[in-house]
Amino acid sequence: MSRLWPWLCAASVALSLLMLAALLTLLLTRGLGHFWPATLESVTLDSGEIIAGEAVREAPLPHRDGEERLYFTGNRDLDSHRWRWVAIDRIAERSTPRALVRLERSPWGDFIGYLSAFESGSDHLEGDAAWHALTTALAHTTFERSNATLVLQSATGETLRQPLNEIYRAHRPNAMAWWEKIRYWFQGVWQFLSEGPRAANTGGGVWPAIFGTVLMVMVMSVIVMPFGVLAAIYLNEIAHQGRLTRLVRIGVRNLAGVPSIVYGVFGLGVFVYGIGSSLDAWFFSDSLPSPTFGTGGLLWASLTLALLTLPVVIVATEEGLARIPDAQREGAVALGATRLEMLTRVVLPMAAPAMLTAMILAVARAAGEVAPLMLVGVAKLAPQMPVDGEFPYLHVERKFMHLGYHLFDTAYHGEDMQAALPLVYATALLLVVIVLVLNLTAILLRHYLRHQRGQSC
Amino acid sequence: MLASPHVSNAAYLTHFSAEQSCLNIERFSLAYAGKIALRELTLSVPRHRVTAFIGPSGCGKSTLLRAINRLHDLNENATHSGRITIEGEDIYADNMQVSELRRRIGMVFQTPNPFPMSIYENVAFGLRLQKRMSKRKRDDIIEWALTSAALWDEVKDRLHKSAWQLSGGQQQRLVIARTLAVQPDILLLDEPASALDPISTLKVEELIRNLKSQLTLILVTHNMQQAARVSDYTAFLHGGELIEYGPTDQVFTNPHLQRTEDYITGRMT
């Protein structure tokens with residue numbers, strides 16, 4: 001036994017690391033792979049039917065031996081289904097024609113097929129000239145290309161006239177060199193990060209959700225930090241250390257364990273329906289019955305999460321305060337510092353790293369929280385960003401988008417689960433990266449503060 | 001040289017006249033949560049001298065020192081009676097500003113406690129708490145304080161480096177400099193050298209001897225040799241009571257009481 005237990009401990013660590021690595025690998029490959037321009041196949045079945053699409057995965061056939069392959073074929077406007085299972089032994093011929101085009105458009109989702117012609121006014125271009133005209137036109141704004149039309153032909157031979165201004169991106173993956181694919185990949189990632197969602201969150205980017213998440217976390221930090229730090233100072237420095245203080249401390253610690261949806265209910269009842277409705281009645285009665293503050297919004301969501309993370313901040317800050325030797329406090333007092341001067345000039349600067357730790361914990365908790373937000377202000381699709389050029393610039397009453405909720409919505413509420421899945425992975429990866437970046441910033445700041453004072457730990 | 005004390009009610013308790021003494025403790029008692037730590041202490045501390053408080057652990061010498069600086073104010077369980085006066089002013093009087101009192105009575109603790117800031121800022125800490133002064137004047141005071149604490153030559157090239165990078169002995173001298181910078185009348189030293197190596201200890205002891213031309217010093221120590229080397233007067237405390245108080249030479253070489261002799265010679269701990 002005595003020989004075994006170090007191995008057990010080591011195995012536990014290894015298992016934890018393995019799970020973490022598996023999680024990150026899954027998110028990285030699935031999330032980032034989505035933006036890679038996949039090869040398009042033209043498949044001739046033994047029935048003579050021709051389909052074109054991207055091979056996604058293979059699975060055993062349900063009723064007999066053999067495998068079947070899932071193709072993403074797009075063209076929902078032509079045949080109403082975008083996915084096609086094909087038994088592998090029914091495939092007569094597979095090829096990868098260089099001319100196969102994939103267009104990202106809205107509405108109707110992706111088109112996979114051939115470009116026959118490019119029509120703009122009296123111009124009628126065919127073949128490579130049409131492709132060049134298309135790529136040139138896509139570099140311009142939608143408005144400028146509003147009068148052009150594409151003549152498209154699907155693999156099955158149907159012809160389609162497609163207005164150019166509904167198209168976002170076009171590529172011919174089979175004709176691309178590897179560096180073109182890499183450039184295309186970076187463009188895809190950038191568009192994902194910088195653009196708004198489209199097609200009911202099954203496509204496009206997540207910029208409003210990134211912005212909403214970060215802004216909400218920031219507003220929350222601004223609210224929770226002063227409250228938490230003041231409460232910790234009271235508990236550790238001012239309050240008589242008796243039974244009541246101990247009781248309060250235990251209470252605070254236990255608040256950290258309350259399920260987050262409970263905080264959501266509290267936020268809905270107190271902030272939205274209570275305070276929000278009153279605010280509307282007093283200050284925004286002109287716009288009633290449509291509510292201003294009487295409905296979920298950025299402010300109420302931030303307040304709810306501030307409440308949720310308050311125990312974490314108090315506990316972490318208090319631990320930091322308790323670690324400061326009394327000799328430091330006495331040293332300050334012995335030099336003629338009042339209690340306030342001792343606190344502001346010696347104790348609080350020394351506790352700054354602990355406060356940053358508190359903030360890290362609060363941010364990490366808040367950025368990943370979804371359940372309470374659904375009750376107090378997050379939206380599937382926010383019509384306006386919470387910050388814009390209109391006075392007062394920060395609109396805390398507006399609903400906002402949030403990565404966590406966006407993830408949930410994309411995964412479960414989209415019309416096409418298969419198409420949304422890669423976006424779910426990409427969004428999850430992004431959420432992890434954002435929490436990581438926020439934490440890393442605070443960690444670096446803490447390191448800087450410690451280094452500046454010559455503290456070794 | 002030494003002020004000639006006149007003998008008071010008991011032959012073994014030296015008393016100083018009002019002109020000679022800087023600090024007077026009159027029938028001072030202190031209790032922690034009902035437990036008595038100091039009992040009816042009466043003691044006067046001569047001006048510009050080093051007075052040592054000695055006694056076994058728990059005898060109340062540190063408690064007395066902290067009472068002089070009103071550090072027990074931070075502890076709500078502490079109650080006291082009797083008077084402590086500095087130059088005739090009752091330090092526990094209602095109109096006594098505690099922060100002003102603590103500026104007048106500096107204190108140096110057992111373990112060096114420099115603040116986590118630069119050497120310069122450590123010495124400037126007390127000055128910044130007071131009325132505004134020009135940077136030039138502040139720089140002068142800081143140089144003077146560090147010189148008085150025999151530290152200037154060692155740190156003058158790295159004033160803006162962290163104080164936590166100094167050695168233990170240097171840190172303790174920095175803390176003394178920090179206290180000197182606010183120009184106190186009395187300096188309380190609570191076992192200032194117990195956490196230091198022998199060489200640093202000697203430096204601090206030499207510093208204490210040199211400082212008495214500027215102010216009055218009270219030293220609490222466990223180290224008999226240190227008390228004998230450094231102090232002019234020695235008070236022996238035991239069980240929260242003052243047992244014997246007199247010139248150091250006399251207390252160490254020819255104590256009046258058997259208990260004092262037993263403690264000094266190591267027969268009682």
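According to an unreviewed UniProt entry, the annotation "domain: ABC transporter" covers residues 23-264 of chain B; UniProt positions follow the numbering used here, feature names are shortened, and annotations may be inferred rather than shown by experiment. The model is predicted: local features need pLDDT of at least 70, side-chain atom pairs count only at pLDDT 80 or more, and totals for chains, interfaces and linings use all residues. Residues are numbered from 1 along each chain as its sequence is written, while chains are lettered from A and ligands numbered from 1 in the order in which they are written.

The span 23-264 of chain B is 38% helix and 27% strand, and its end C-alpha atoms lie 25 Å apart. Helices (H or I, at least four residues) and strands (E, at least two) are DSSP runs, numbered from the N terminus.

**Sheets of chain B**

Four strands of chain B form an open sheet in the order 4-3-6-7 with antiparallel pairing; two strands pair if DSSP finds at least two bridges between them. Strand 4 (35-46) and strand 7 (89-90) of chain B each have a single partner strand, so one side of each lacks a neighbour in the sheet. Eight bridges link strand 3 (residues 21-32) of chain B to strand 4 of chain B in the antiparallel sense, and Ser21(B) stands opposite Pro46(B) in strand 4 of chain B. Helix 1 (residues 61-68) of chain B lies across strand 3, strand 4 and strand 6 (78-86) of chain B, at about 65° to strand 4 of chain B. Axes are lines fitted to C-alpha atoms, for helices over the stretch in contact, and angles run from 0 to 180 degrees between N-to-C directions.

Another open sheet of chain B has six strands in the order 8-9-10-5-11-12, with mixed pairing. At its edges stand strand 8 and strand 12 (241-247) of chain B, each with a single partner strand, so one side of each is left without a neighbour in the sheet. Strand 9 (residues 186-190) and strand 10 (residues 216-220) of chain B run parallel and are joined by five bridges. Ile186(B) stands opposite Thr216(B) in strand 10 of chain B. Helix 7 (residues 198-211) of chain B lies across strand 5 (50-54), strand 9 and strand 10 of chain B, running at about 145° to strand 10 of chain B.

**Helix pairs**

Two packed helices are described by the angle between their axes and the distance between the axes.

| Helix pair | Axis distance | Crossing angle |
|---|---|---|
| Helix 6 (residues 243-255) and helix 8 (residues 298-323) of chain A | within 7 Å | roughly 130° |
| Helix 4 (residues 135-148) and helix 6 of chain B | within 8 Å | roughly 130° |

In chain A, Val252(A), Arg253(A) and Leu255(A) of helix 6 meet Pro311(A), Ile314(A) and Val315(A) of helix 8; residues are in contact if their C-beta atoms, placed from the backbone, lie within 7 Å.

In chain B, the contact is made by Ile141(B), Ile142(B), Ala145(B), Leu146(B) and Ser148(B) of helix 4 and by Ala177(B), Leu180(B) and Ala181(B) of helix 6.

**Contact between the chains**

Chain B gives 24 residues to the contact and chain A gives 17 residues. On the side of chain B that touches chain A, the elements giving two or more residues are helix 2 (98-104), strand 8 (105-108), helix 3 (119-129) and helix 6 (168-181) of chain B. Helix 2 of chain B supplies the largest share of that side, four residues.

Terms used: Contact = placed C-beta atoms within 7 Å.
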